[in-house]
Amino acid sequence: MRLIDSLEGLNRVFETDILESSIVIVEGVEGTAKSGFVYNLLSNYLESADKYGVYITLEQRKESHLANMHSMGIPISKRLVISDFSEYRQKFEHKTQDIIGMIETNIMLFKERAGDKFGYFALDSLGALYSLLDLQETPVRKQMYRFFDALRQEQLTSFIILEETGIATPGQVLGSEPYIADGIIELGMRRHGGRFTRDLRVRKMRAAKHSMEPWIFEITPSGVVIREEATYD
Amino acid sequence: MMNKEIHRYDLTYIPDAPYIVAGLYFFKKSDIQDLWRKGTIVLTDTELWLPEEDQWNILPLTAIEMFGRTLPTSSLRDVHDTTGYTSVLVVDYKKQSSFGTHEVISTILFAGENVTIMEMRVQLARLLGLSRYAELNLTEDDRKLLYLLSEGIKKKAILVMVFGGDKEKLRKSFNNLKKAELCTKSADLTSKGRDFIARLGRMIEGELGEDAIAPLKGLDPGDGNEGREAVNTVSWSSGKSYMVGRVEAELLWQHIPFPVVADVKLHDMGTQLRITTTYGATIRIKSTSPPVLMSLFDLTQAAREKIPYASEPTKHIMNLLALGVRNVKIISDILKITESNVKKELDQMFSEGVVNRKYELIAGAGDLDETD
């Protein structure tokens, strides 16, 4: 099974698969189901491909995240281990020295457990990561290069969730993410046919053939389903 | 991926106990068993990673307030009863309270094989360092004294000896430690003092020489070592001539030519006394009992400086008692103090609880305390 076959309808958006070891940013405003989209995509794929991955949550508690997935009809997979840093943030935020180093350690420890079958990574979210970076010490762009480079070296296919808040974060001000990521998937919410619908648009995906148009997707009792190409006015 | 330092330790642990002030007794014994987890603890140069089901609990090293704190015996017994281990490492750390914005202290209790606990302790000490105590400006002597106190070496006579006979230096260091709240007036370490020592790791032991610590630790009569005979070796050399032999402690004074002593020094952390005479002979006295040498050092130094023993009768009678010389007439002959005055001093020592009726030194007397 390909990654793009893991969500119903996604293989209509993509003609060829997302390359392994790619770093994909999934961005969108609040309520566009970014976490659900990434979790659903990875958990379905890992179950079918006999692989393992880690989903790092910096904002939501693990229990809360799982309850959210459950409410969206997204199946929970033990192959996608949720690493909950939110509690750590709550307890020690002001004492954090090197959050990227911690994520690297986390990845290394999972790799030791799962071996070569560990190949997928998700971070929820980049905004929360920025809030934990020591911007006095090293510029954010340099830190992000280091982080993305580490993910590539470990050959992890990675999905990085970025919430658009309307307020520019230091990283967005620098605008480094689009350049250093291999792919960008935008999730949005628009009025369509008299009602609000969620859609996704692949803005960029290196070495993959894909549609540039927005596609409407829905949260169904069995998870995320991509329905049709949107025809907005 | 990265160049991180990684250490792993297989341990049993309680990951998040309320700050254990007096031990585990506030838990029901049957519950303690359930609190323990087993797993491989990962220590990096910035965090401790504690396995928790399929993920990890992470503790930044910067959150650690104290480590190496001792637990009461009753708690150690609980640890042993519930884990089978006697080696324990206590780590106290600060975290944000779940309610409000204040910080609370929590505790991780590690139990395991002694060698594993020791290894982790050493690495933690190295990684945590002493930076948080930099403002205390402790001298090498202060650190040395704190270390000796942490090892239970509290006898003033022994400590003076380690300080090369310099009582003023010892007093100054003791005052510094009390002022820094690292030890109490009765020379017991505070929690802060324990943390300092834990962070110091084996550094100071290396400086002192591990061989020196063991004999020092065995000197407290309260340890049940009072019946153990000291082994003393005396060697005499001059030019090509050389003699060596074993001598009982109470006869050692007979091998020191007091009137012709040119120099006297303690060497090797107080385990060797070296005397040179005005005629160029060298006398080396080695002993498994440093107080024996300290007493000889005091007596010999007074003789070299021509200070009459009668000017400090109590001190020198104590020196002879430490050597095992308890006969009033012999003490009188050596110190050139009348027998009646020797008797008077001994009676005074008896009334102060320093010696018993047989003029043996009493355990516990002479510890470093608030009078120092």
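## Where the chains meet

Contact here means heavy atoms within 4.5 Å. On that basis, 28 residues of chain A touch 28 residues of chain B in this predicted model. Putting the two together buries about 2500 Å², with carbon and sulfur atoms giving 58% of that area.

## What chain A brings to it

Four elements of chain A each put at least two residues into the side that touches chain B: β3 (80-84), α4 (86-92), α5 (99-114) and α7 (140-153). The largest share comes from α5(A), with 11 residues. Sorted by type, that side of chain A splits into 11 nonpolar, 8 polar and 9 charged residues.

## The sheet in chain A

Chain A has an open sheet of 9 strands with mixed pairing, in the order β3-β2-β4-β5-β1-β6-β7-β8-β9. At the edges sit β3 and β9 (223-229) of chain A, each pairing on one side only. Neighbouring strands are turned by 25° against each other on average, ignoring direction.

Zooming in, β4 (residues 118-124) and β5 (residues 157-163) of chain A run parallel and are joined by 5 bridges. In that region, A:D124 stands opposite A:I161 of β5(A).

## Helices on the sheet

Helix α7(A) packs on the sheet, touching β1, β4 and β5 of chain A, and its direction makes about 150° with that of β5(A). Helix α2 (residues 34-49) of chain A lies across several strands, including β1 (23-28), β2 (52-57) and β6 (183-192), and runs at about 165° to β5(A).

Note on methods: Residues are numbered from 1 along each chain as its sequence is written. Chains are lettered from A and ligands numbered from 1 in the order in which they are written. This is a predicted model: local features need pLDDT of at least 70, side-chain atom pairs count only at pLDDT 80 or more; totals for chains, interfaces and linings use all residues. Side-chain values use heavy atoms; hydrogens and water are left out. Buried area is the accessible area (1.4 Å probe) that two parts lose on being put together, summed over both. Ala, Val, Leu, Ile, Met, Phe, Trp, Tyr, Cys and Pro count as nonpolar, Asp, Glu, Lys and Arg as charged, and the others, Gly among them, as polar. Two strands pair if DSSP finds at least two bridges between them. Axes are lines fitted to C-alpha atoms, for helices over the stretch in contact, and angles run from 0 to 180 degrees between N-to-C directions.
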